[in-house]
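Here is a short report on a single structure. The sequence and the model come next, followed by a walk through selected sites.

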Amino acid sequence: MAGPIALDLPDVLVTDAARPNTRGAWTMVIMLFLAGILSVIDRAALNILVDPVRGTLGISDEQIGLLQGLAFGLFYAFMGIPMGLAADRISRRNLIVAGIGLWSLATIGSGLAQSFGSLFAARLLVGLGEAALGPAAISLIADLFAPARRGRPISVYMMGQGLANGVAISLTSLILAAAGTGAFLGFPVLGALVPWRIVFVIFGACGLVIALAMLVLTREPPRQGDAPQGAAQVPGAAEAVYLWRNRGVLLPLYFGFATCFTVAYGGASWAPSMLLRAYGATPGYLGAWLGPLSMLFSAIGPLIGGTLLDRSMRSGDTLARFRILSIAPLFALPFTLSVLAHELHFATVLVASANAVFSVVGTVMFATLQSVVPPRMRGSSIALTLVLNTILGASLGPLIVASVTERVFGNPAMVGWSIALVCVPFLLLGTGLYAIALGAIRKARQTGDSDCARLLAGEAL
């Protein structure tokens, strides 16, 4: 059996005095918040533009599903682990800035694409750029804030990603409406484009502005809890050993998260189309109702998750976060069954409510991982969640829903039933996996033979 890898000093032994000042820490969080919004907007915009893109490029629902999932997810998944390892070794601020620049240029390229192939290639590069954000962002927050104060900044970062769906819906609808009245005629580049292309170009340009602002306004903080490194190892070897030795806790955590987010990606990708096709909604209605409601629920979710986390830390209940994860996904069941609402506004509320649920799950999951892995694995631990989420969630979720619509029902208007048929079983499976993780960490805490349990115990002290 492989010997234990050298763990860094427990993070709780690092004093607050060794951390950056509060103003600098929150400046970084705000920039990460904005970057998180843009990272999701660049993906979510396509969900609102399904029918215009299909009409211009002459492609099918399944090809749209590939653009929503596999095209974005291919590089995002394959580069997730290398990006996580890089986040544990090089400047995370610079890694994020480079990633924002790449995905923003690729988003502009999406708006200029002339075929399915060129749009697919552009979405690949969006995924490559965005693979840098998650691992580096959570690692930065863990070094900027003490364990008992991480819930709120992580929730703010997650709130940005949650709000982005609503922001994307509202801004996309506004831009489409403005373009339809000729508001961009005479503008360089934009004036010659059809409305859906204008959306991508504007969002990409905004990303370049955020990348420049982050480069100017923030700096890389010192890494907390770093221990001297021993002999050089193959990158990822120590991380793999740690994961395998603690697989009873970590594997159900990771796969529970990925399974739940198959529902988040698969459902969210096609929910706007369901409202348009099955309930007769218009793009204007989505901008006026679904967008603001999604933002409201996206703001509520991370605040709930962050508050629950911080309270559990102050109470010393180290297993509370596992119990939250084993229950919270069930609150997304109404969203998966929104096709049964039979009324447009009620269905819209159910669709929007999923943003709160998955924001809670994401916030609690990321904070939990930071507590059960050593500091030198923070970036790679988050990267692995993104890889699995991409392979199971972002890549397969939208495609499975689209395939059921086309091959089982054979009717685009039945997409709401496809969402229900695919998402309900995945949601129940994810909840069950989280319950297994709770049982495993409870047993490990009793026996004391788990690195994860020891790190949790040290954090409680």
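Serine 338 counts as buried because its relative accessibility is 2%. Buried means under 20% relative accessible area, exposed means over 50%, and partly exposed lies in between (1.4 Å probe, protein chains only). Serine 338 sits in the loop between helix 15 (333-336) and helix 16. Helices here are DSSP runs (H or I, at least four residues), numbered from the N terminus. A polar atom of the serine 338 side chain lies 3.0 Å from the backbone oxygen of phenylalanine 335. Leaving aside neighbours within four places in sequence, serine 338 is in contact (heavy atoms within 4.5 Å) with Met274, Tyr279, Ala347, Leu350 and Val351.

The model is a predicted one: local features need pLDDT of at least 70, side-chain atom pairs count only at pLDDT 80 or more, and totals for chains, interfaces and linings use all residues. Residues are numbered from 1 along each chain as its sequence is written, and side-chain values use heavy atoms, with hydrogens and water left out.

**Helix 18**

Threonine 431 belongs to helix 18 (residues 415-447). Threonine 431 is buried, because its relative accessibility is 8%. A polar atom of its side chain lies 3.0 Å from the backbone oxygen of leucine 427. Beyond its neighbours within four places in sequence, threonine 431 is in contact with Cys260, Ser326, Pro329 and Leu330.

Leucine 427 is also in helix 18. Leucine 427 counts as buried, at 0% relative accessibility. Not counting residues up to four places away in sequence, leucine 427 touches Val263, Pro329, Ala332, Leu333, Thr336 and Phe358. Pro329 is in contact with threonine 431 and also touches leucine 427. The C-alpha atoms of leucine 427 and arginine 245 are separated by 27 Å, and the two residues are 182 residues apart along the chain.

**The nonpolar core**

In soluble globular proteins, nonpolar side chains tend to be buried together. The largest nonpolar core in this model has 148 residues. Such a core is a set of buried Ala, Val, Leu, Ile, Met, Phe, Trp, Tyr and Cys residues joined through side-chain atoms within 4.5 Å. Which members touch the most other members? They are Leu32, Val53, Leu253, Leu275, Phe322, Phe358 and Met365. Helix 16 (residues 344-372) gives the largest share of this core, 17 residues.

Methionine 365 is in contact with Leu253, Tyr254, Phe257, Leu325, Thr385 and Tyr434, leaving aside neighbours within four places in sequence.

**A patch on the surface**

Leu70, Leu74, Phe75, Phe78, Leu102 and Leu125 make a nonpolar surface patch of about 490 Å². Patch residues have over 30% relative accessible area and no salt bridge; like charges are joined within 9 Å, and nonpolar side chains (Val, Leu, Ile, Met, Phe, Trp, Tyr) within 5 Å. Helix 4 (residues 70-78) gives the most to the patch, with 4 residues. Phenylalanine 78 lies in helix 4. Is phenylalanine 78 buried or exposed? Phenylalanine 78 counts as exposed, because its relative accessibility is 63%.

**Salt bridges**

The whole structure holds 7 salt bridges. A salt bridge is a side-chain nitrogen of Lys or Arg within 4 Å of a carboxyl oxygen of Asp or Glu.

| Pair | Closest N and O atoms |
|---|---|
| Arginine 407 and glutamate 62 | 2.8 Å |
| Aspartate 143 and arginine 92 | 2.7 Å |

Arginine 407 lies in helix 17 (residues 378-409) and glutamate 62 in helix 3 (residues 61-68), so the pair ties together parts that are 345 residues apart in sequence. Arginine 407 is exposed, with a relative accessible area of 63%. Glutamate 62 counts as buried, at 16% relative accessibility.

Aspartate 143 is in helix 8 (residues 133-144) and arginine 92 in helix 6 (residues 92-112), so this pair ties together parts 51 residues apart in sequence. Aspartate 143 is buried, at 3%. Arginine 92 is buried too, at 0%.

Arginine 245 lies in helix 11 (residues 237-245) and aspartate 451 in helix 19 (residues 451-460), so their bridge ties together parts that are 206 residues apart in sequence. Arginine 245 counts as partly exposed, at 27% relative accessibility. Aspartate 451 counts as buried, at 6% relative accessibility.

Salt bridges also link Asp51, Arg54 and Arg277 in a network.

Terms used:
Accessible areas come from the Shrake-Rupley method with a 1.4 Å probe; for residues, only the protein chains shown count as cover. Helices (H or I, at least four residues) and strands (E, at least two) are DSSP runs, numbered from the N terminus. A polar contact is a pair of N or O atoms within 3.5 Å; within protein, one must be able to donate a hydrogen and the other to accept it, and residues adjacent in sequence count only if both atoms are side-chain atoms.
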